[in-house]
Amino acid sequence: MVSKKGKRNESSESDESSVEEIRTTSRQTQGENSMGNTDSIQREFNRKAIVLVRLALFNQHKNIPLKKDDIVKKVLKGHSRLFPSILEIAQKKLEDLLGMELVELPAKEKTSDIFASQRGGSSGKTRSVSSGLYVLRNKIDFDLREEVVEVENETAPQNILLLIILSLIYVNLKELRSEDLFYFLKNLNLLQGKNYPELMPSYTSMLTESKGGGTLDTLIKTFITQGYLLRLKVKNHAQSENNAASFIFRWGPRAKVEFSEEDVKHFIAEVVKEKF
Amino acid sequence: MSLLNKLFLQGIISSKVLNEDAIKKLHQKCCQKLNLQTQDFNEFLGNINKSLLEFSLEIKNMRTPDTGKLFFALTNTLSDELGSIVASKNFKVPSTELLRYTRGKSHISKTDAELMLERMCKEYWLDDMRGIITLGIRSLLELQTYIKEEFGELPECTICHDIATVKVEYCQRSNCATTIHINCRENGKLGPSCSKEWIIGPENSKIAPKPREILISDREVSDVQNMEEIQTIENIMMALNRETDNEDEEEDDDEDTEVVQGSSSTNLKHQRTISKEDDESEEEELLINKRRR
(Lines give C-alpha, C1' and ligand atoms only; values in the text may rest on other atoms or scores of the structure.)
Protein backbone atom coordinates (compact mmCIF):
# COMPACT_ATOMS: atom_id res chain seq x y z
CA MET A 1 0.00 0.00 0.00
CA VAL A 2 1.51 3.24 -1.12
CA SER A 3 0.54 5.37 1.86
CA LYS A 4 2.07 2.88 4.22
CA LYS A 5 5.38 2.93 2.38
CA GLY A 6 5.53 6.67 2.78
CA LYS A 7 5.24 6.54 6.56
CA ARG A 8 7.38 3.49 7.07
CA ASN A 9 10.12 3.48 9.63
CA GLU A 10 13.25 1.37 9.52
CA SER A 11 11.50 -1.88 10.41
CA SER A 12 10.72 -3.97 7.39
CA GLU A 13 7.98 -6.23 8.65
CA SER A 14 4.52 -4.96 7.86
CA ASP A 15 3.21 -6.00 11.24
CA GLU A 16 5.73 -3.95 13.12
CA SER A 17 5.42 -0.98 10.84
CA SER A 18 1.73 -0.58 11.49
CA VAL A 19 2.39 -0.94 15.19
CA GLU A 20 5.05 1.75 14.83
CA GLU A 21 2.63 3.88 12.92
CA ILE A 22 0.04 3.73 15.59
CA ARG A 23 2.56 4.28 18.31
CA THR A 24 3.82 7.47 16.70
CA THR A 25 0.27 8.68 16.18
CA SER A 26 -0.68 8.04 19.76
CA ARG A 27 2.53 9.65 20.91
CA GLN A 28 1.59 12.74 19.01
CA THR A 29 -1.80 12.91 20.61
CA GLN A 30 -0.97 11.83 24.12
CA GLY A 31 2.50 13.10 24.67
CA GLU A 32 5.26 10.90 26.09
CA ASN A 33 4.38 7.17 26.04
CA SER A 34 6.28 4.26 27.53
CA MET A 35 7.24 1.15 25.61
CA GLY A 36 4.41 -0.65 27.40
CA ASN A 37 2.17 0.55 24.59
CA THR A 38 3.31 -2.23 22.28
CA ASP A 39 1.69 -4.77 24.56
CA SER A 40 -1.64 -3.02 24.68
CA ILE A 41 -1.50 -2.49 20.93
CA GLN A 42 -0.84 -6.17 20.44
CA ARG A 43 -3.75 -6.98 22.71
CA GLU A 44 -5.98 -4.63 20.75
CA PHE A 45 -4.90 -6.29 17.50
CA ASN A 46 -5.69 -9.61 19.07
CA ARG A 47 -9.14 -8.47 20.08
CA LYS A 48 -9.89 -7.22 16.59
CA ALA A 49 -8.68 -10.47 15.10
CA ILE A 50 -11.15 -12.32 17.32
CA VAL A 51 -13.98 -10.11 16.09
CA LEU A 52 -12.96 -10.90 12.54
CA VAL A 53 -12.98 -14.63 13.27
CA ARG A 54 -16.48 -14.35 14.71
CA LEU A 55 -17.62 -12.28 11.75
CA ALA A 56 -16.30 -14.90 9.34
CA LEU A 57 -18.05 -17.68 11.23
CA PHE A 58 -21.39 -15.94 11.55
CA ASN A 59 -21.27 -14.88 7.93
CA GLN A 60 -21.22 -18.48 6.85
CA HIS A 61 -24.95 -19.01 6.76
CA LYS A 62 -25.38 -16.23 4.22
CA ASN A 63 -23.31 -18.19 1.74
CA ILE A 64 -21.99 -15.05 0.05
CA PRO A 65 -18.30 -14.13 0.17
CA LEU A 66 -17.28 -11.75 2.94
CA LYS A 67 -16.42 -8.29 1.63
CA LYS A 68 -13.26 -6.53 2.68
CA ASP A 69 -15.33 -3.35 2.98
CA ASP A 70 -17.55 -5.01 5.55
CA ILE A 71 -14.55 -6.18 7.50
CA VAL A 72 -13.06 -2.71 7.54
CA LYS A 73 -16.38 -1.20 8.56
CA LYS A 74 -17.43 -3.68 11.22
CA VAL A 75 -14.15 -4.88 12.63
CA LEU A 76 -11.67 -2.11 12.00
CA LYS A 77 -14.07 0.79 12.32
CA GLY A 78 -12.70 2.30 9.13
CA HIS A 79 -8.99 1.89 9.80
CA SER A 80 -8.30 0.03 6.59
CA ARG A 81 -4.53 0.13 6.96
CA LEU A 82 -4.79 -2.29 9.86
CA PHE A 83 -6.33 -4.88 7.59
CA PRO A 84 -3.25 -6.97 6.66
CA SER A 85 -2.00 -7.30 10.23
CA ILE A 86 -5.37 -8.13 11.71
CA LEU A 87 -6.05 -10.59 8.91
CA GLU A 88 -2.77 -12.35 9.58
CA ILE A 89 -3.57 -12.81 13.26
CA ALA A 90 -7.09 -13.92 12.43
CA GLN A 91 -5.77 -16.54 10.02
CA LYS A 92 -3.60 -17.99 12.73
CA LYS A 93 -6.58 -18.15 15.07
CA LEU A 94 -8.81 -19.75 12.46
CA GLU A 95 -6.20 -22.37 11.72
CA ASP A 96 -5.65 -23.06 15.39
CA LEU A 97 -9.32 -23.20 16.35
CA LEU A 98 -10.99 -24.82 13.39
CA GLY A 99 -8.46 -25.78 10.77
CA MET A 100 -9.86 -23.26 8.34
CA GLU A 101 -8.62 -20.20 6.50
CA LEU A 102 -9.92 -17.07 4.84
CA VAL A 103 -9.05 -17.10 1.17
CA GLU A 104 -9.30 -14.09 -1.09
CA LEU A 105 -11.11 -14.76 -4.31
CA PRO A 106 -9.10 -14.12 -7.47
CA ALA A 107 -10.02 -11.02 -9.41
CA LYS A 108 -12.88 -11.34 -11.87
CA GLU A 109 -11.94 -11.55 -15.50
CA LYS A 110 -13.54 -8.56 -17.13
CA THR A 111 -13.23 -9.49 -20.72
CA SER A 112 -14.61 -12.44 -22.57
CA ASP A 113 -11.86 -11.97 -25.08
CA ILE A 114 -9.40 -14.59 -23.99
CA PHE A 115 -6.89 -13.59 -26.61
CA ALA A 116 -6.54 -10.04 -25.31
CA SER A 117 -3.42 -10.84 -23.34
CA GLN A 118 -1.79 -12.36 -26.40
CA ARG A 119 -2.33 -9.33 -28.53
CA GLY A 120 -0.02 -7.22 -26.43
CA GLY A 121 -0.15 -3.46 -26.30
CA SER A 122 -1.77 -1.51 -23.51
CA SER A 123 -4.43 -4.11 -22.89
CA GLY A 124 -1.74 -6.81 -22.91
CA LYS A 125 -1.11 -7.47 -19.25
CA THR A 126 -4.20 -8.32 -17.29
CA ARG A 127 -4.16 -5.87 -14.45
CA SER A 128 -4.43 -7.83 -11.23
CA VAL A 129 -7.04 -5.98 -9.25
CA SER A 130 -7.71 -7.64 -5.95
CA SER A 131 -11.27 -8.73 -5.55
CA GLY A 132 -11.60 -7.88 -1.87
CA LEU A 133 -13.86 -10.89 -1.38
CA TYR A 134 -13.10 -13.62 1.11
CA VAL A 135 -14.43 -17.09 1.73
CA LEU A 136 -13.80 -19.56 4.51
CA ARG A 137 -12.09 -22.66 3.26
CA ASN A 138 -11.39 -25.89 5.04
CA LYS A 139 -7.82 -26.95 5.54
CA ILE A 140 -8.66 -30.31 7.03
CA ASP A 141 -8.44 -33.25 4.68
CA PHE A 142 -11.73 -34.27 3.14
CA ASP A 143 -11.31 -37.91 4.13
CA LEU A 144 -11.16 -36.97 7.76
CA ARG A 145 -14.18 -34.73 7.52
CA GLU A 146 -16.24 -37.18 5.57
CA GLU A 147 -18.59 -38.65 8.14
CA VAL A 148 -18.00 -36.07 10.80
CA VAL A 149 -19.13 -32.86 9.20
CA GLU A 150 -22.82 -32.97 8.40
CA VAL A 151 -23.83 -32.42 4.81
CA GLU A 152 -26.32 -29.66 4.33
CA ASN A 153 -29.29 -31.66 3.11
CA GLU A 154 -31.46 -28.72 2.20
CA THR A 155 -29.08 -27.36 -0.40
CA ALA A 156 -27.64 -30.68 -1.58
CA PRO A 157 -29.63 -30.81 -4.86
CA GLN A 158 -28.43 -27.31 -5.75
CA ASN A 159 -24.86 -28.26 -5.01
CA ILE A 160 -25.10 -31.26 -7.28
CA LEU A 161 -26.48 -29.11 -10.05
CA LEU A 162 -23.61 -26.70 -9.56
CA LEU A 163 -21.08 -29.48 -9.75
CA ILE A 164 -22.67 -30.74 -12.94
CA ILE A 165 -22.48 -27.31 -14.51
CA LEU A 166 -18.89 -26.83 -13.39
CA SER A 167 -17.97 -30.20 -14.85
CA LEU A 168 -19.61 -29.38 -18.15
CA ILE A 169 -17.72 -26.12 -18.34
CA TYR A 170 -14.50 -27.85 -17.41
CA VAL A 171 -14.63 -30.54 -20.06
CA ASN A 172 -15.48 -27.92 -22.62
CA LEU A 173 -12.10 -26.32 -22.10
CA LYS A 174 -13.28 -24.07 -19.30
CA GLU A 175 -15.69 -22.08 -21.40
CA LEU A 176 -19.22 -22.95 -22.35
CA ARG A 177 -21.71 -20.99 -24.43
CA SER A 178 -25.02 -20.60 -22.71
CA GLU A 179 -26.85 -22.29 -25.58
CA ASP A 180 -24.62 -25.31 -25.19
CA LEU A 181 -25.05 -25.39 -21.42
CA PHE A 182 -28.81 -25.44 -21.70
CA TYR A 183 -28.61 -28.04 -24.43
CA PHE A 184 -26.62 -30.35 -22.17
CA LEU A 185 -28.94 -29.72 -19.26
CA LYS A 186 -31.89 -30.55 -21.47
CA ASN A 187 -30.31 -33.93 -22.04
CA LEU A 188 -30.40 -34.37 -18.30
CA ASN A 189 -34.07 -33.49 -18.39
CA LEU A 190 -33.53 -30.07 -16.88
CA LEU A 191 -35.42 -27.56 -18.96
CA GLN A 192 -35.17 -23.84 -19.04
CA GLY A 193 -38.26 -22.10 -17.75
CA LYS A 194 -39.57 -25.09 -15.87
CA ASN A 195 -39.85 -24.89 -12.13
CA TYR A 196 -38.10 -27.54 -10.07
CA PRO A 197 -39.26 -27.26 -6.45
CA GLU A 198 -37.19 -30.31 -5.56
CA LEU A 199 -34.09 -28.25 -6.16
CA MET A 200 -35.07 -25.69 -3.56
CA PRO A 201 -34.86 -26.06 0.22
CA SER A 202 -38.06 -27.40 1.73
CA TYR A 203 -38.84 -24.22 3.57
CA THR A 204 -39.11 -21.97 0.55
CA SER A 205 -42.59 -20.73 -0.07
CA MET A 206 -45.00 -21.22 -2.89
CA LEU A 207 -44.71 -17.53 -3.55
CA THR A 208 -41.02 -17.89 -4.28
CA GLU A 209 -41.95 -20.72 -6.53
CA SER A 210 -44.50 -18.64 -8.42
CA LYS A 211 -41.79 -16.05 -8.97
CA GLY A 212 -39.63 -18.63 -10.61
CA GLY A 213 -37.62 -19.64 -7.58
CA GLY A 214 -36.78 -23.13 -8.71
CA THR A 215 -36.01 -22.48 -12.35
CA LEU A 216 -32.63 -23.00 -13.95
CA ASP A 217 -32.30 -19.28 -14.59
CA THR A 218 -32.81 -18.30 -10.96
CA LEU A 219 -30.50 -21.01 -9.74
CA ILE A 220 -27.80 -19.99 -12.16
CA LYS A 221 -28.24 -16.39 -11.06
CA THR A 222 -27.76 -17.52 -7.46
CA PHE A 223 -24.58 -19.34 -8.40
CA ILE A 224 -23.32 -16.18 -10.04
CA THR A 225 -24.12 -14.07 -6.97
CA GLN A 226 -22.40 -16.59 -4.75
CA GLY A 227 -19.37 -16.39 -6.99
CA TYR A 228 -19.36 -19.94 -8.30
CA LEU A 229 -20.19 -19.11 -11.91
CA LEU A 230 -19.16 -16.33 -14.18
CA ARG A 231 -21.25 -15.21 -17.11
CA LEU A 232 -19.80 -12.94 -19.73
CA LYS A 233 -21.26 -11.25 -22.73
CA VAL A 234 -19.52 -12.06 -25.95
CA LYS A 235 -18.46 -9.20 -28.16
CA ASN A 236 -19.56 -10.00 -31.64
CA HIS A 237 -17.00 -8.31 -33.82
CA ALA A 238 -18.50 -9.52 -37.02
CA GLN A 239 -22.22 -9.05 -36.76
CA SER A 240 -23.19 -5.87 -34.97
CA GLU A 241 -26.66 -5.89 -36.46
CA ASN A 242 -27.45 -9.08 -34.64
CA ASN A 243 -28.88 -7.76 -31.41
CA ALA A 244 -29.22 -11.08 -29.66
CA ALA A 245 -26.55 -11.09 -26.99
CA SER A 246 -24.68 -14.30 -26.53
CA PHE A 247 -23.21 -15.37 -23.26
CA ILE A 248 -20.49 -17.69 -22.12
CA PHE A 249 -20.08 -19.37 -18.78
CA ARG A 250 -16.86 -19.91 -16.95
CA TRP A 251 -15.88 -20.98 -13.49
CA GLY A 252 -16.40 -18.14 -11.08
CA PRO A 253 -13.65 -17.01 -8.71
CA ARG A 254 -15.19 -18.89 -5.80
CA ALA A 255 -15.33 -22.14 -7.74
CA LYS A 256 -11.64 -21.76 -8.50
CA VAL A 257 -10.96 -21.44 -4.79
CA GLU A 258 -13.30 -24.11 -3.47
CA PHE A 259 -13.12 -26.79 -6.16
CA SER A 260 -9.93 -28.25 -7.46
CA GLU A 261 -9.60 -29.74 -10.92
CA GLU A 262 -8.95 -33.04 -9.21
CA ASP A 263 -12.32 -32.85 -7.47
CA VAL A 264 -14.10 -32.29 -10.74
CA LYS A 265 -12.23 -35.05 -12.49
CA HIS A 266 -13.13 -37.42 -9.69
CA PHE A 267 -16.77 -36.42 -9.91
CA ILE A 268 -16.90 -36.96 -13.65
CA ALA A 269 -15.13 -40.29 -13.31
CA GLU A 270 -17.64 -41.43 -10.73
CA VAL A 271 -20.60 -40.44 -12.86
CA VAL A 272 -19.21 -42.05 -15.99
CA LYS A 273 -18.30 -45.16 -14.04
CA GLU A 274 -21.90 -45.44 -12.90
CA LYS A 275 -23.17 -45.15 -16.40
CA PHE A 276 -20.95 -47.75 -18.02
CA MET B 1 -5.95 -27.00 19.43
CA SER B 2 -5.41 -30.54 18.39
CA LEU B 3 -6.69 -31.87 15.10
CA LEU B 4 -9.20 -33.88 17.10
CA ASN B 5 -10.63 -30.74 18.64
CA LYS B 6 -10.79 -28.95 15.30
CA LEU B 7 -12.59 -31.83 13.66
CA PHE B 8 -15.04 -32.16 16.52
CA LEU B 9 -15.78 -28.45 16.48
CA GLN B 10 -16.47 -28.54 12.75
CA GLY B 11 -18.82 -31.41 13.40
CA ILE B 12 -20.72 -29.44 16.03
CA ILE B 13 -21.03 -26.35 13.89
CA SER B 14 -22.40 -28.33 10.99
CA SER B 15 -24.95 -30.14 13.14
CA LYS B 16 -26.18 -27.01 14.90
CA VAL B 17 -27.92 -28.87 17.76
CA LEU B 18 -27.13 -32.36 19.00
CA ASN B 19 -28.67 -34.55 21.63
CA GLU B 20 -26.53 -36.33 24.19
CA ASP B 21 -26.24 -39.51 22.15
CA ALA B 22 -25.33 -37.74 18.97
CA ILE B 23 -22.62 -35.61 20.49
CA LYS B 24 -20.97 -38.56 22.16
CA LYS B 25 -21.11 -40.49 18.91
CA LEU B 26 -19.52 -37.52 17.17
CA HIS B 27 -16.71 -37.58 19.71
CA GLN B 28 -16.15 -41.28 19.14
CA LYS B 29 -16.24 -40.86 15.38
CA CYS B 30 -13.61 -38.14 15.48
CA CYS B 31 -11.32 -40.23 17.64
CA GLN B 32 -11.84 -43.17 15.34
CA LYS B 33 -10.96 -41.17 12.25
CA LEU B 34 -7.74 -40.03 13.82
CA ASN B 35 -6.91 -43.40 15.34
CA LEU B 36 -7.04 -42.05 18.85
CA GLN B 37 -8.32 -43.51 22.07
CA THR B 38 -11.64 -42.07 23.17
CA GLN B 39 -11.00 -40.14 26.34
CA ASP B 40 -13.42 -38.82 28.93
CA PHE B 41 -16.09 -36.86 27.14
CA ASN B 42 -16.72 -34.24 29.79
CA GLU B 43 -13.03 -33.51 30.12
CA PHE B 44 -12.78 -33.28 26.35
CA LEU B 45 -15.69 -30.85 26.18
CA GLY B 46 -14.20 -28.79 28.99
CA ASN B 47 -10.96 -28.42 27.07
CA ILE B 48 -12.71 -27.27 23.95
CA ASN B 49 -14.75 -24.74 25.87
CA LYS B 50 -11.53 -23.42 27.34
CA SER B 51 -10.17 -22.70 23.88
CA LEU B 52 -13.50 -21.19 22.85
CA LEU B 53 -13.46 -18.73 25.75
CA GLU B 54 -11.50 -16.01 24.02
CA PHE B 55 -13.97 -16.07 21.12
CA SER B 56 -17.00 -15.59 23.38
CA LEU B 57 -18.31 -18.94 22.23
CA GLU B 58 -19.32 -21.93 24.30
CA ILE B 59 -20.75 -25.37 23.82
CA LYS B 60 -23.67 -25.22 26.19
CA ASN B 61 -26.11 -27.88 27.20
CA MET B 62 -29.61 -27.82 28.46
CA ARG B 63 -32.64 -30.01 28.88
CA THR B 64 -35.41 -29.27 26.45
CA PRO B 65 -38.57 -28.60 28.43
CA ASP B 66 -40.54 -30.75 26.05
CA THR B 67 -38.95 -34.12 26.73
CA GLY B 68 -36.30 -33.44 29.31
CA LYS B 69 -33.58 -34.72 27.00
CA LEU B 70 -30.20 -33.09 27.14
CA PHE B 71 -29.12 -31.08 24.11
CA PHE B 72 -25.84 -29.46 23.16
CA ALA B 73 -25.07 -26.56 20.85
CA LEU B 74 -22.33 -24.10 20.08
CA THR B 75 -23.58 -20.75 21.32
CA ASN B 76 -22.58 -17.15 21.33
CA THR B 77 -22.02 -15.75 24.78
CA LEU B 78 -21.88 -12.13 23.68
CA SER B 79 -25.18 -10.40 23.36
CA ASP B 80 -24.11 -7.80 20.87
CA GLU B 81 -25.66 -9.26 17.76
CA LEU B 82 -29.19 -10.45 17.01
CA GLY B 83 -30.44 -9.05 20.26
CA SER B 84 -34.00 -7.97 20.87
CA ILE B 85 -35.71 -11.18 21.96
CA VAL B 86 -38.20 -10.88 24.73
CA ALA B 87 -39.67 -13.44 27.07
CA SER B 88 -43.32 -13.57 27.89
CA LYS B 89 -45.08 -14.81 30.97
CA ASN B 90 -46.56 -17.79 29.26
CA PHE B 91 -43.66 -18.56 26.97
CA LYS B 92 -46.11 -20.02 24.59
CA VAL B 93 -48.41 -18.88 21.83
CA PRO B 94 -50.79 -20.83 19.65
CA SER B 95 -49.56 -20.82 16.09
CA THR B 96 -52.82 -19.38 14.83
CA GLU B 97 -52.23 -16.34 16.99
CA LEU B 98 -48.79 -15.93 15.53
CA LEU B 99 -50.13 -16.13 12.03
CA ARG B 100 -52.55 -13.33 12.70
CA TYR B 101 -49.61 -11.04 13.00
CA THR B 102 -48.92 -11.28 9.34
CA ARG B 103 -51.80 -8.94 8.83
CA GLY B 104 -49.88 -5.88 9.89
CA LYS B 105 -46.74 -4.40 8.49
CA SER B 106 -44.83 -7.50 7.56
CA HIS B 107 -45.56 -8.43 3.97
CA ILE B 108 -45.56 -12.13 4.57
CA SER B 109 -48.53 -14.20 3.62
CA LYS B 110 -49.87 -16.62 6.14
CA THR B 111 -48.68 -19.65 4.24
CA ASP B 112 -45.24 -18.17 4.03
CA ALA B 113 -45.31 -17.35 7.70
CA GLU B 114 -46.23 -20.89 8.46
CA LEU B 115 -43.36 -22.15 6.37
CA MET B 116 -41.12 -19.79 8.24
CA LEU B 117 -42.36 -21.20 11.53
CA GLU B 118 -41.74 -24.68 10.23
CA ARG B 119 -38.25 -23.77 9.23
CA MET B 120 -37.52 -22.23 12.58
CA CYS B 121 -38.79 -25.31 14.33
CA LYS B 122 -36.62 -27.46 12.13
CA GLU B 123 -33.61 -25.38 12.99
CA TYR B 124 -34.50 -25.63 16.66
CA TRP B 125 -35.19 -21.94 17.26
CA LEU B 126 -38.79 -22.70 18.03
CA ASP B 127 -40.68 -25.68 19.28
CA ASP B 128 -44.07 -26.72 18.01
CA MET B 129 -45.96 -28.55 20.69
CA ARG B 130 -49.12 -29.57 18.92
CA GLY B 131 -49.94 -26.16 17.59
CA ILE B 132 -48.50 -24.14 20.44
CA ILE B 133 -45.26 -22.39 19.65
CA THR B 134 -42.64 -21.90 22.32
CA LEU B 135 -38.98 -21.02 22.47
CA GLY B 136 -36.93 -23.87 21.10
CA ILE B 137 -33.81 -25.34 22.62
CA ARG B 138 -31.50 -23.27 20.44
CA SER B 139 -33.15 -20.01 21.45
CA LEU B 140 -33.01 -21.02 25.09
CA LEU B 141 -29.35 -21.91 24.87
CA GLU B 142 -28.31 -18.85 22.93
CA LEU B 143 -30.43 -16.36 24.73
CA GLN B 144 -29.90 -17.40 28.32
CA THR B 145 -27.27 -14.76 28.85
CA TYR B 146 -29.23 -12.12 27.05
CA ILE B 147 -32.49 -12.80 28.79
CA LYS B 148 -30.82 -12.72 32.17
CA GLU B 149 -29.36 -9.35 31.31
CA GLU B 150 -32.65 -7.90 30.22
CA PHE B 151 -34.87 -9.34 32.89
CA GLY B 152 -33.47 -9.66 36.36
CA GLU B 153 -35.99 -12.17 37.59
CA LEU B 154 -36.93 -15.13 35.53
CA PRO B 155 -38.74 -18.27 36.43
CA GLU B 156 -35.98 -20.72 37.11
CA CYS B 157 -36.19 -24.42 37.78
CA THR B 158 -34.78 -24.98 41.22
CA ILE B 159 -33.45 -28.35 40.20
CA CYS B 160 -31.48 -27.68 37.06
CA HIS B 161 -31.21 -23.91 37.46
CA ASP B 162 -32.13 -23.24 33.88
CA ILE B 163 -34.89 -21.00 32.68
CA ALA B 164 -38.32 -22.51 33.23
CA THR B 165 -40.62 -21.92 30.31
CA VAL B 166 -43.16 -24.58 29.54
CA LYS B 167 -44.05 -27.87 31.15
CA VAL B 168 -43.42 -26.26 34.45
CA GLU B 169 -44.99 -26.71 37.84
CA TYR B 170 -45.42 -24.21 40.60
CA CYS B 171 -45.46 -24.63 44.30
CA GLN B 172 -48.86 -23.98 45.73
CA ARG B 173 -47.82 -22.63 49.05
CA SER B 174 -48.44 -18.93 49.26
CA ASN B 175 -45.01 -17.76 50.24
CA CYS B 176 -43.10 -20.03 47.99
CA ALA B 177 -42.14 -19.03 44.50
CA THR B 178 -40.49 -22.26 43.55
CA THR B 179 -40.84 -23.49 40.01
CA ILE B 180 -39.61 -26.70 38.50
CA HIS B 181 -39.60 -28.49 35.20
CA ILE B 182 -41.95 -31.47 35.12
CA ASN B 183 -39.15 -33.48 33.57
CA CYS B 184 -36.69 -32.54 36.24
CA ARG B 185 -39.09 -33.66 38.94
CA GLU B 186 -39.91 -36.89 37.14
CA ASN B 187 -36.31 -37.77 36.60
CA GLY B 188 -36.20 -38.67 40.19
CA LYS B 189 -34.47 -35.57 41.37
CA LEU B 190 -35.62 -34.42 44.74
CA GLY B 191 -37.59 -31.24 44.88
CA PRO B 192 -37.03 -28.60 47.50
CA SER B 193 -38.31 -29.28 50.99
CA CYS B 194 -41.64 -27.58 50.96
CA SER B 195 -43.40 -29.15 48.13
CA LYS B 196 -45.77 -32.00 47.86
CA GLU B 197 -48.24 -29.77 46.15
CA TRP B 198 -47.31 -28.76 42.70
CA ILE B 199 -49.69 -27.21 40.25
CA ILE B 200 -49.39 -26.51 36.58
CA GLY B 201 -50.45 -23.33 34.92
CA PRO B 202 -48.57 -20.22 34.08
CA GLU B 203 -51.11 -18.05 35.79
CA ASN B 204 -49.82 -19.54 39.01
CA SER B 205 -46.30 -18.37 38.47
CA LYS B 206 -45.34 -15.87 41.07
CA ILE B 207 -42.38 -14.68 39.13
CA ALA B 208 -43.19 -12.84 35.97
CA PRO B 209 -40.39 -11.42 33.89
CA LYS B 210 -40.40 -7.67 33.82
CA PRO B 211 -41.30 -6.60 30.31
CA ARG B 212 -38.93 -4.26 28.63
CA GLU B 213 -39.66 -0.62 29.24
CA ILE B 214 -39.83 0.10 25.58
CA LEU B 215 -42.96 -1.97 25.14
CA ILE B 216 -44.95 -0.28 27.82
CA SER B 217 -46.47 2.71 26.19
CA ASP B 218 -50.19 3.09 26.40
CA ARG B 219 -51.01 -0.27 27.75
CA GLU B 220 -50.85 -2.19 30.97
CA VAL B 221 -48.13 -4.72 31.59
CA SER B 222 -50.58 -7.58 31.69
CA ASP B 223 -51.97 -6.71 28.29
CA VAL B 224 -48.55 -6.64 26.79
CA GLN B 225 -47.17 -9.89 28.07
CA ASN B 226 -48.48 -12.21 25.44
CA MET B 227 -47.42 -9.81 22.77
CA GLU B 228 -43.87 -10.29 23.85
CA GLU B 229 -43.66 -13.86 22.78
CA ILE B 230 -45.14 -12.78 19.51
CA GLN B 231 -42.59 -10.03 19.32
CA THR B 232 -39.91 -12.59 19.95
CA ILE B 233 -41.06 -14.64 17.06
CA GLU B 234 -41.30 -11.60 14.87
CA ASN B 235 -37.80 -10.56 15.68
CA ILE B 236 -36.50 -13.99 14.91
CA MET B 237 -38.45 -13.94 11.69
CA MET B 238 -37.05 -10.55 10.78
CA ALA B 239 -33.58 -11.71 11.56
CA LEU B 240 -34.01 -14.82 9.51
CA ASN B 241 -35.52 -12.79 6.71
CA ARG B 242 -32.50 -10.55 6.70
CA GLU B 243 -30.26 -13.55 6.51
CA THR B 244 -32.07 -15.11 3.63
CA ASP B 245 -32.57 -11.83 1.81
CA ASN B 246 -30.54 -12.97 -1.12
CA GLU B 247 -32.20 -16.31 -1.47
CA ASP B 248 -35.87 -15.61 -1.30
CA GLU B 249 -37.64 -12.38 -1.80
CA GLU B 250 -40.43 -12.88 0.61
CA GLU B 251 -40.43 -9.29 1.67
CA ASP B 252 -41.30 -8.06 -1.79
CA ASP B 253 -44.34 -10.25 -2.04
CA ASP B 254 -47.82 -9.06 -2.68
CA GLU B 255 -50.01 -9.37 0.31
CA ASP B 256 -52.33 -12.30 0.39
CA THR B 257 -55.82 -11.02 0.77
CA GLU B 258 -57.39 -14.25 1.78
CA VAL B 259 -57.19 -15.76 5.21
CA VAL B 260 -55.45 -19.06 4.77
CA GLN B 261 -55.81 -21.77 7.35
CA GLY B 262 -52.54 -23.48 7.95
CA SER B 263 -51.96 -27.11 7.23
CA SER B 264 -51.76 -28.00 10.91
CA SER B 265 -55.25 -29.16 11.55
CA THR B 266 -54.84 -29.16 15.27
CA ASN B 267 -55.26 -25.40 15.52
CA LEU B 268 -58.92 -25.40 16.31
CA LYS B 269 -58.73 -27.99 19.00
CA HIS B 270 -56.52 -26.27 21.44
CA GLN B 271 -57.42 -23.90 24.14
CA ARG B 272 -56.25 -20.46 23.43
CA THR B 273 -54.23 -19.08 26.24
CA ILE B 274 -55.05 -15.63 25.03
CA SER B 275 -58.57 -14.53 24.47
CA LYS B 276 -58.79 -11.69 22.08
CA GLU B 277 -61.49 -9.63 20.54
CA ASP B 278 -60.93 -8.08 17.20
CA ASP B 279 -60.59 -4.54 18.47
CA GLU B 280 -57.87 -5.57 20.85
CA SER B 281 -55.78 -7.20 18.21
CA GLU B 282 -56.11 -4.20 15.99
CA GLU B 283 -54.98 -2.02 18.83
CA GLU B 284 -51.99 -4.22 19.26
CA GLU B 285 -51.13 -3.89 15.62
CA LEU B 286 -51.23 -0.15 16.05
CA LEU B 287 -48.99 -0.48 19.03
CA ILE B 288 -46.45 -2.44 17.05
CA ASN B 289 -46.62 0.05 14.24
CA LYS B 290 -46.14 2.89 16.65
CA ARG B 291 -43.11 1.23 18.13
CA ARG B 292 -41.73 0.42 14.74
CA ARG B 293 -41.60 4.04 13.66
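Predicted model: local features only at pLDDT ≥ 70, side-chain atom pairs only at ≥ 80, totals over all residues.
Q: Which residue does A:Glu147 form a salt bridge with?
A: B:Lys29, with the closest N and O atoms 2.6 Å apart. That pair crosses between chains: A:Glu147 sits in the loop between helix H7 (142-145) and H8 of chain A, and B:Lys29 is in helix H2 of chain B. Helices here are DSSP runs of H or I with at least four residues, strands are runs of E with at least two, and both are numbered from the N terminus.

Q: Is B:Lys29 buried, exposed or partly exposed?
A: Partly exposed, at a relative accessible area of 22%. Buried means under 20%, exposed means over 50%, and partly exposed is in between (1.4 Å probe, protein chains only). The areas come from the Shrake-Rupley method.

Q: What about A:Lys273, which partner does that one have?
A: A:Glu270, and the closest N and O atoms are 3.4 Å apart. A:Lys273 is exposed at 56% relative accessibility, and A:Glu270 is partly exposed at 43%.

Q: Which residues are joined into one network by salt bridges?
A: A:Glu44, A:Arg47 and A:Lys48, through salt bridges that share partners.

Q: And what does A:Arg177 pair with?
A: A:Glu179, in a salt bridge of 3.7 Å, N to O. A:Arg177 is partly exposed at 45% relative accessibility, and A:Glu179 is also partly exposed, at 41%.

Q: Switching topic: which residues gather in the patch of positive charge?
A: A:Lys62, A:Lys67, A:Lys73 and A:Lys74, on the surface. Patch members have over 30% relative accessible area and no salt bridge, with like charges joined within 9 Å and nonpolar side chains (Val, Leu, Ile, Met, Phe, Trp, Tyr) within 5 Å. Lys and Arg count as positive and Asp and Glu as negative, leaving out His and the chain ends. Each charge is placed at NZ of Lys, CZ of Arg, CG of Asp or CD of Glu.

Q: Where's A:Lys73 in all that?
A: In helix H4 (residues 68-74) of chain A. A:Lys73 counts as exposed because its relative accessibility is 56%.

Q: Back to the two chains. What joins B:Gln10 and A:Asn138?
A: A polar contact of 2.8 Å between their side chains. The term covers a pair of N or O atoms within 3.5 Å; within protein, one must be able to donate a hydrogen and the other to accept it, and residues adjacent in sequence count only if both atoms are side-chain atoms. B:Gln10 is in helix H1 (residues 3-15) of chain B, and it counts as buried at 5% relative accessibility.

Q: Which residues have a positive phi without being glycine?
A: A:Leu173 is one of them, at about 65°, and A:Asn189 is another, at about 70°. A:Leu173 is in the loop between helix H8 (156-171) and strand E4 (176-177) of chain A, exposed with a relative accessible area of 75%. A:Asn189 is in the loop between helix H9 (178-187) and helix H10 (206-210) of that chain, and it is exposed too, at 57%.

Q: Last one, helix H3 of chain A. Is A:Val53 buried or exposed?
A: Buried, at 1% relative accessibility. A:Val53 lies in helix H3 (residues 37-58) of chain A, and its C-alpha is 9.8 Å from that of A:Glu101, 48 residues apart in sequence. A:Arg54 is found in helix H3 as well, and it is buried with a relative accessible area of 5%.

How values were computed
Residues numbered from 1 in each chain as written. Chains lettered and ligands numbered in written order. Heavy atoms only, no water. Areas by Shrake-Rupley, 256 points an atom, 1.4 Å probe, with all protein chains shown as cover. Salt bridge = Lys/Arg side-chain N within 4 Å of Asp/Glu carboxyl O.
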